[in-house]
Amino acid sequence: VMTHAVRFQHPRYTIRRKFFRFFGDAFHLYTDDGELALYSNMKRFRIREDIRLYADESQDQELLRISTRSIFDFAGAYDVHDSQSDEHVGTLRRSGFKSSLLRDHWTFLDSGGQEIGTLQEDSMLKALVRRYIEALAFFFPQNYHATVGESSVAEYRQRFNPFILKLDVDFRADREGRLDKRLGIAAGVLLSAIEGRQE
């Protein structure tokens, strides 16, 4: 059985999101060797409330909580808490104006609210196509690059698949452990949750 700490120590993960048009979205987060690390079953239209991540599909053991501060906050700030220790790991803040019109852009904040890094969509052209030509969106998978200070810490790469969203999260560039993987994983879950909802 995977321990709580080990779930957040892998160098690479894959997030799979199954689409349920009426009931909601189910997220499975797998390690590089195919083991289930986290699971979430998010109700439809509740992205502005919270996302809870569990050890498995039984949803008996809650491990991570991502919650927004205000349903009226356009530049949404999402606090990430370790559900086992109740530790505030950090915050992910979306740049509302930038994210809607140009490339998707997020800021990583530490537990004290200080900005420590950024997460940004790689291609301006792909971003514009995805936002304004909806029928072509899935031909242009999203790629994101995360930095802390001047250092690259993670890559988020969406695979081309019109039926199941798959997002590969790669922390191998972060050899010095600058980014708490719990915050990095939460970013991947949020990117998957808002896919197709940029507007």
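Predicted model: local features only at pLDDT ≥ 70, side-chain atom pairs only at ≥ 80, totals over all residues.
Q: How many aromatic pairs does a search of the whole structure find?
A: The search finds 2 aromatic pairs.

Q: Why is the aromatic pair of Y13 and F171 called edge-to-face?
A: The planes of Y13 and F171 stand at 80° to each other, with 6.2 Å centre to centre. Centres within 6.5 Å make a pair, and planes over 60 degrees apart count as edge-to-face, so the term applies to Y13 and F171.

Q: Which parts of the chain does the pair of Y13 and F171 link?
A: Y13 is in strand β1 (residues 12-20), and F171 is in the loop between β12 (164-170) and α3 (181-193), 158 residues apart. Both Y13 and F171 are buried.

Q: Why is the pair of Y78 and W106 called tilted?
A: The ring centres of Y78 and W106 are 5.9 Å apart, and their planes are at 40°. Y78 belongs to strand β6 (residues 77-82) and W106 to strand β8 (residues 105-109), so the pair ties together parts 28 residues apart in sequence.

Q: What makes Y78 and W106 count as buried?
A: Buried means under 20% relative accessible area. Y78 has 4% relative accessibility and W106 has a relative accessible area of 1%, so both are buried.

Q: Why is N143 called buried?
A: N143 has a relative accessible area of 16%, which is under 20%, so N143 is buried. N143 is in strand β10 (residues 143-148).

Q: What makes the approach of the N143 and R157 side chains a polar contact?
A: The two side chains make this contact at 3.5 Å, and the cut-off for a polar contact is within 3.5 Å.

Methods
Residues numbered from 1 in each chain as written. Heavy atoms only, no water. Helix = DSSP H or I, 4+ residues; strand = E, 2+ residues; numbered from the N terminus. Buried < 20%, exposed > 50% of the residue type's maximum accessible area, 1.4 Å probe, protein only. Polar contact = N/O pair within 3.5 Å; in protein donor to acceptor, adjacent residues only side chain to side chain. Phe/Tyr/Trp six-rings, centres within 6.5 Å; stacked < 30°, edge-to-face > 60°.
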